[in-house]
Amino acid sequence: MLYKYKVFNLICSSTVPLPSFIVVEENVKPDFQVALGIVKPSFINDPNVNKNFIQFNENEFFFQLPDIAKYFVSNGNKVVIEPLCDDWDSILMFFYSNCIAAILFQRNSIPFHVSGVLDNDERLWLFAAPSKTGKSTTALKLKEKGYNLFTDDTALIKVEDNCCLAVASYPVLRAWENTMNNQKVYARSEGKQLRAEVNKFGVSFHKDFIGTPKKVSGIVFLEERGNSIQIERIKSIDGIKLLGDNIYRNTWVKGMNKQLLQFQTLSAISQKVSFWKATRPKNISSFDSFSQAIIDQIIEI
């Protein structure tokens, strides 16, 4: 059976179910294919990165996890998965987090490490930060206060027709156990543990997902530092640096030969959006007041 899905506004055909993606009913030509098969890292061109479990160049990407699966992504239009176990939750988790990023880079699109919400005027606000800094928790707290969840963890950001747009990834929120215990949007029973050894949970929001690109009003960089909540507008040159640090899989940029694309993308974005830095104390429960400060000093100002 052949399944069709949408992810990052791309159409994907697959011989295996991909439950995190949006099902596509109409008969449209796929942008890329996913299939099962035997994976051998047979590169047409020599890899620019050659490590034990990952090898890649601009158009070919090999990744393996012992006892989980092998993956090969090529030319931005094909993913082959060779399962090495029956744990499909783990197989697909690494497919979502690595193979889709490889597809995007190969198609000259740069994914960013961001979550985002839409306000009542359909303006999009993105929150950039490394893992465990609070992107998902901040977005959930804003949803508690009436804002619509747009994306979690990743999005494409690009400038088209003189406008900065973001494209959401797919409708699954990934939250650590502490986040699940300290939010009121989703019942704990709605979260599915991603892997037995990791206290991180996936929550689907397919019914509320917004798959169309949205205009970006601002990008807020989240930090844990000091002992008080601080909000400040920052210059474009500082925003470019921070946004570059928050490219998803940013260590792949050089190996994928995307340095020029990175420069062009960051420069274009910096001319179209405003940047802020929002800081909160570390190891202190402050997300409710932190999200309210973001509303008062950024979104509603």
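A cavity is a set of grid points where a 1.4 Å probe fits but cannot get out. In this predicted model, the count comes to 1 cavity of 30 Å³ or more. The space in the largest cavity is about 30 Å³, and its lining is formed by K6, V7, F8, N9, A168, S169, F209 and G211. By class, this lining comprises 4 nonpolar, 3 polar and 1 charged residues.

The largest pocket holds about 870 Å³ of space. It is lined by 40 residues, of which M93, Y96, Y170, R174 and L194 are the closest to its centre. Two or more lining residues are given by each of α1, β10, β15 (172-176), β16 (192-195) and β17 (198-204). Helix α1 provides the largest share of the lining, 10 residues. The lining of the largest pocket divides into 21 nonpolar, 11 polar and 8 charged residues.

The second largest pocket contains about 610 Å³ of space. Among its 25 lining residues, T137, N178, T179, R280 and F287 lie nearest the centre. The elements that give two or more residues to this lining are α2 (135-144), β15, α3 (177-181) and α6 (287-299). The most come from α2, with 4 residues. In the lining of the second largest pocket, 4 residues are nonpolar, 11 polar and 10 charged.

In soluble globular proteins, nonpolar side chains tend to be buried together. The largest nonpolar core of the model has 97 residues, and within this core L18, Y71, F95 and I219 touch the most other members. Helix α1 contributes 12 residues, the largest share of this core. Another core, of 5 residues, lies apart from the largest one and includes V39, F43, F62 and F72. With neighbours within four places in sequence left aside, Y71 is in contact with V39, F61, F62, F63, V80, I81, S90, I91, F94, F95 and C99.

Helix α5 covers residues 259-270, and its 12 residues should span 16 Å at 1.5 Å a residue.

Strand β2 (residues 10-14) contains S13. The relative accessible area of S13 is 5%, so this residue is buried, the cut-off being under 20%. Beyond neighbours within four places in sequence, S13 is in contact with L2, Y3, K4, P30, F32, Q33 and V34.

Most residues other than glycine have a negative phi. N108, which is not a glycine, has a positive phi of about 60°. N108 is located in the loop between α1 (88-106) and β10, and counts as partly exposed at 47% relative accessibility. N162 likewise has a positive phi, near 65°, and is a residue other than glycine. The loop between β13 and β14 holds N162, which is exposed, with a relative accessible area of 60%.

Notes. Residues numbered from 1 in each chain as written. Predicted model: local features only at pLDDT ≥ 70, side-chain atom pairs only at ≥ 80, totals over all residues. Heavy atoms only, no water. Expected span 1.5 Å × (residues − 1). Buried < 20%, exposed > 50% of the residue type's maximum accessible area, 1.4 Å probe, protein only. 1 Å grid on protein atoms, 1.4 Å probe; cavity = no way out; pocket = protein on both sides within 12 Å on 5 of 7 lines; lining within 4 Å. Points joined across faces, edges and corners; volume = space filled by probe spheres on them. Nonpolar A, V, L, I, M, F, W, Y, C, P; charged D, E, K, R; others polar. Core = buried A, V, L, I, M, F, W, Y, C linked by side-chain atoms within 4.5 Å. Contact = heavy atoms within 4.5 Å.
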